[in-house]
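Subject: The structure, and what turned up in it

Hi,

Here is the structure I promised to pass on. Have a look at it first, and then read on for what I found.

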Amino acid sequence: MRNLWGRACMIGSVSAAFGSMLWSQQKTEPDQVASSCPSSDTNPSSPYELKLVQVLFRHGARTPLRSIPDVMEAQWVPALLDPPPHTHINYVVTDLHGGPQPPAPVEDNYRKSLLPGGTYPGQLTTVGMQQLYELGKRLRRRYIEESNFLNATFSPAEVYVRSTNIVRTIESAKCLIAGLFQQKQKEIVPIVTSEAESEILYPNFHGCKLLKTLAGHRWAESATLPDIAADLQSIQSALGIAAHQHVDFILIRDDMVAREIHGLPCPPALDTWRSKVEQRAVDMMCHVLEPNKREHLQLSVGPLLHTLVDNIEAKLQGTSSEPNRKLFLYSVHDTTLMPCLMALGIFDMRWPPYAADITVELHQKKQTNETFVKVSYTGQDQLIPGCSGVYCPLQEFKQVVSAYSLSSELYQSICDSTGGLTEP
C-alpha cells in the first residue's frame, strides 16, 4: 500500500483531517453561513429549557493544500491572510490538560512548501476569518441576544473551546469567539488541542492502524472506479494536465473552490466541469467512508460521537468538572463533518462549506423533565432518522448514535486489531 501520508498531502481537499493530514472545503456562495430561524425554546413561554449546546464547526476559507498542476497559477499573496481587527482576542493554545501546546506535525508539513505568491498551503485567509466571525455572530443572536442562555462576556467556566492542532482551525476558533462575545472577555481564552496520535476530531490514520489499512485500500480503489476514472481522464485532458501528474477530483475541487471564493482566476475549462468536479469529489469521499458500512464511520468519528453523548450525560447527572459549562465548541474539518452527518443519517451529498456547523442542543421539558436533543446543520433543524421528531427524545438519539459511538478504550482496541468489527 502506498504511503498514506504522501497520499493525503496529494489529496488536497480531504486535507489535514483524514489521518492527521486530510481536510478541505466547499460552497462558494457569498453567504456561506446559513441564517438560523429562531426556535421556540428562545421564547420564555416555551415548554423547553435549553441546557447544553455543542457545536462542531468547519474552519473558514483557506489557501489550497496544493495547486492544480499544469494550469494557470493563482497568486496566493500574504495580504490575503491579514486578520481583521475585530477578530482579535487574547487566547492561549494548550494541550488537553492546560500544559504547553503539543507538536503539530500536520502544520509542520504545510510549512515545507510555498504556494505561488508566497503563502503556505492550508492557511486561514481574511475571508475565512470573517466567515467564522459571522458564525460567531449567528450563535450570539441565538444564545445571547434571543435567549440569554450565555453571558455576554466570555468565561472558560461556561465555554469550552477545543481545536485540532492546526493553525487554520485554531484561528477559526479565535474568530468565532470574537464574533460570539464581540471581543468581550475577562480572562484569556484557552483553546485546547491534542497530540496528533490521539486526535479524535478527525479520522485519524496515524493513531488507528486499522483505519489506515481500510482507508488506504479505499483511496486506491476510488481512483480506479470506472465512472470516476473516465471523468478524471477527460478533465485532465480538458485542463491540459499531463497524464503522469497525480491528481484527483478532491485536489481539483480544493484548488477550484479556494480560487473562486477569493476571486482568483480559474482555468476557463473548469467552468463546464464545476458541477461534475463537486459530484465526483463527494463520490470519492463516499467510497472511502463507506457510509453503508458501520466500521469505517465508527473508526472515523466514533470517539467524537461518544464524547458528545458523554458531555450530555455529565450535564444531566451533574458530574461535570465544570458544572456551569453550557457550550462546547469544536473547531474541526470537512472530513469531520462528513462522517458525522453520515452517521446521523443527514448527509445531503454535498461537500460541507467553509464555516459549516453541526449544532447539538440538549433540552429539557419544564413540566416533565423529559430530555430531548435537537440537531441543526448550517443553522437548519434536522430530523434525524430514528428520531420521532426534530426534538428527539434523548434515548432515541442515543440509540441512533450508539451504532457508531466508541469509547476511547474500545476504539484503541479495535484500531490495534487486524480483524476489526463485525457487522451486527
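Let me start with α5 and helix α8 (residues 274-289), whose axes come within 8 Å and cross at roughly 145 degrees. Please keep in mind that this is a predicted model, here and in everything below. The crossing of α5 past α8 is right-handed. If you want to find the contact on your screen, pick R218, W219, E221 and S222 in α5, which meet M284, M285, H287 and V288 in α8.

The helix α5 (209-222) comes up again when you look at α12: along with α9 (294-317), it is among the elements that cover the buried residues of α12. Which residues of helix α12 (residues 408-415) are buried? They are Y411, I414 and C415. These residues span an arc of only 100 degrees around the axis, so they sit on the same side of α12. As a reminder, an α-helix has 3.6 residues a turn, so residues three or four places apart point the same way.

One is formed by C208 and C415, with the sulfur atoms 2.0 Å apart. The link of C208 and C415 is left-handed, with -95 degrees about the S-S bond.

C387 and C392 are both buried. If you number the bonded cysteines of the chain in sequence order, the pairing reads 1-4, 2-3.

Two further cysteines to look up are C175 and C340. C175 counts as buried, at 0% relative accessibility, and C340 counts as buried as well, at 1%.

There are also two backbone details in loops. Q183 is not a glycine, yet it has a positive phi of about 65 degrees. You will find Q183 in the loop between α4 (167-181) and β4. Is Q183 buried or partly exposed? With 36% relative accessibility, Q183 counts as partly exposed. The other residue is N369, again not a glycine, with a positive phi near 65 degrees. N369 belongs to the loop between β6 (357-365) and β7 (371-377).

Finally, some totals for the chain. It has 12 helices and nine strands, and 57% of its 424 residues count as buried. Among the contacts in the chain with a separation of 6 or more, 79% are between residues 24 or more positions apart. The accessible surface of the chain is about 16,600 Å², and carbon and sulfur atoms account for 52% of that.

Best wishes

Notes. Residues numbered from 1 in each chain as written. Predicted model: local features only at pLDDT ≥ 70, side-chain atom pairs only at ≥ 80, totals over all residues. Heavy atoms only, no water. Buried < 20%, exposed > 50% of the residue type's maximum accessible area, 1.4 Å probe, protein only. Helix = DSSP H or I, 4+ residues; strand = E, 2+ residues; numbered from the N terminus. Arc of directions from axis to C-beta. Contact = heavy atoms within 4.5 Å. Disulfide = S-S within 2.5 Å. Areas by Shrake-Rupley, 256 points an atom, 1.4 Å probe, with all protein chains shown as cover. Axes fitted to C-alpha atoms, helices over the stretch in contact; angles between N-to-C directions. Left-handed = near helix turned anticlockwise from the far one by under 90°.
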